[in-house]
Amino acid sequence: MTNTTGGPAEGDTFDAGAGSILRQPKAVWATAGASVVAFMGIGLVDPILPSIAKGLDATPSQVSLLFTSYFLITAVAMLVTGFVSSRIGGKKTLLLGLAIVVVFAGLAGTSGSVGELVGFRAGWGLGNALFVSTALAVIVGAAAGGSAAAILLYESALGLGMACGPLLGALLGNASWRYPFFGTAFLMAVGFLCITVFLKEQPRPAKKTSLLDPIKALGHGGLASAAVSAFFYNYTFFTVLAFTPFVLNMTPYKSGAVFFCWGLLLAVFSVIVAPRMQARFGSLKVLGGSLVLLAADVLVLGYGNHTAAVVCTILSGAFIGVNNTVYTELALGVSDAPRPVASAGYNFVRWFAAAAAPYFAPKIEEWSDIHIPFVVAAITAVIGAVVVFVRRSALSHEAEELQPMHATEDSVAVFAG
């Protein structure tokens with residue numbers, strides 16, 4: 001872990017002078033590994049949404065509440081994570097979050113109705129919020145190579161988790177929609193053991209975080225601008241993630257394969273492509289351009305034939321990967337608030353859109369037709385780009401000073417093996 005100066009703790013053996021993201025303390029790898037599983041839980045249900053609807057005799061809008069309850073609780077819990085971790089410490093907060101996920105993921109597999117399943121996913125969202133927000137702070141504090149390497153590791157975990165989640169959901173869900181939930185509970189239990197063994201407790205901050213600190217942090221114009229833009233972007237993101245499986249209407253295996261390819265593009269573009277584009281064109285130009293291209297992509301997804309829908313679903317992973325990296329860097333660096341506080345405020349805003357999109361997309365289809373949810377998603381992506389353009393003065397100072405994570409042989413190796 002980290003000592004009071006922010007360096008690696010004693011007992012973690014690695015070359016402190018190496019910039020390689022592969023040379024990390026065991027604690028970092030344990031936390032990053034558990035983060036992969038945590039992010040797997042987001043896309044895990046994608047391939048099995050139609051199976052869940054059939055198994056529990058539920059409508060698409062009812063099943064989509066699995067995402068809504070999960071992210072609604074996640075958003076609210078972001079105000080609590082810093083409050084908790086600053087009082088009980090980072091390690092205990094991670095373990096508490098993991099324990100909650102293990103319990104509620106396991107209970108989700110026993111659900112007898114869609115209402116029960118939605119409720120258990122809400123509890124899962126609380127545990128995931130405690131874990132994910134704290135994991136980022138732990139990785140940033142303990143990683144060798146500074147914050148750039150830490151964000152690279154975090155985005156790697158996000159990308160791999162988002163890629164592997166649908167694949168695991170398909171493999172286990174082909175037998176029963178219940179098995180992916182039991183599988184997640186087991187993997188998170190393994191993560192709990194790894195964190196227990198390898199992670200030393202972090203020194204608690206000198207100043208405890210209050211429940212209102214993340215809200216106060218949003219008073220900074222740059223952070224507020226990043227959060228508002230990310231809010232509209234996340235609506236687009238989770239329309240693709242939560243609504244597209246019903247549009248594709250494929251078997252769990254085929255749907256899992258589509259979203260695995262989607263997640264693979266997300267991982268590669270977030271870790272390898274985005275930094276190079278930032279270095280060449282600048283963060284704000286890359287973000288604005290990627291949002292506009294994402295809007296065009298989801299329009300084709302909504303109005304194209306089945307083949308076009310599959311291709312555009314996969315292709316959207318590239319734009320989402322770029323956006324995730326740039327937004328994360330902006331949120332962590334645009335204000336002078338402590339990173340955990342800034343992250344909590346930023347996530348508090350953006351996760352509300354992740355809760356809204358899965359609910360409204362099928363409702364909009366019921367009110368109109370299957371194309372209109374994607375029109376709305378395209379519009380929200382464009383609004384996100386407009387916010388970046390209009391508020392560029394509040395974001396440009398930080399964007400110019402950001403040191404993008406340059407793609408190196410080491411970052412390629414993360415995904416190569």
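**Note on the aromatic contacts**

1. The charged end of R87 is placed over the ring of F83, at 3.8 Å from the ring's centre. The structure under review is a predicted model. A second contact of this kind involves R350, whose charged end sits over the ring of W351, 4.2 Å from its centre.

2. Across the whole structure, a search finds 17 aromatic pairs. One of them joins Y70 and W124: the ring centres are 6.2 Å apart and the planes lie at 80 degrees, so the pair is edge-to-face, the angle being over 60 degrees.

3. Y70 belongs to helix 4 (residues 65-88) and W124 to helix 6 (residues 114-142), so this pair ties together parts separated by 54 residues in sequence. Y70 is buried, with a relative accessible area of 1%. W124 also counts as buried, at 1% relative accessibility.

4. Another pair is formed by F104 and F120, with ring centres 6.5 Å apart and planes at 50 degrees, so it is classed as tilted. F104 lies in helix 5 (residues 90-108) and F120 in helix 6, so the pair links parts that are 16 residues apart in sequence.

5. Are F104 and F120 buried or partly exposed? F104 is partly exposed, as its relative accessible area is 25%, whereas F120 counts as buried at 18%; the cut-off for buried is under 20%.

6. Which residues form one aromatic cluster? The cluster consists of Y70, F71, W124, W177, F181, Y233, F237, F238, F259, W262, Y327 and W351. Among its members are Y70 and W124, the edge-to-face pair of point 2, and W351, whose ring lies under the charged end of R350.

Key
Residues are numbered from 1 along each chain as its sequence is written. This is a predicted model: local features need pLDDT of at least 70, side-chain atom pairs count only at pLDDT 80 or more; totals for chains, interfaces and linings use all residues. Side-chain values use heavy atoms; hydrogens and water are left out. Rings of Phe, Tyr and Trp (its six-membered ring) pair if their centres lie within 6.5 Å; planes under 30 degrees apart count as stacked, over 60 as edge-to-face and the rest as tilted. Helices (H or I, at least four residues) and strands (E, at least two) are DSSP runs, numbered from the N terminus. Buried means under 20% relative accessible area, exposed over 50%, partly exposed in between (1.4 Å probe, protein chains only). A charge sits over a ring if NZ of Lys or CZ of Arg is within 6 Å of the ring centre and within 35 degrees of the ring normal.
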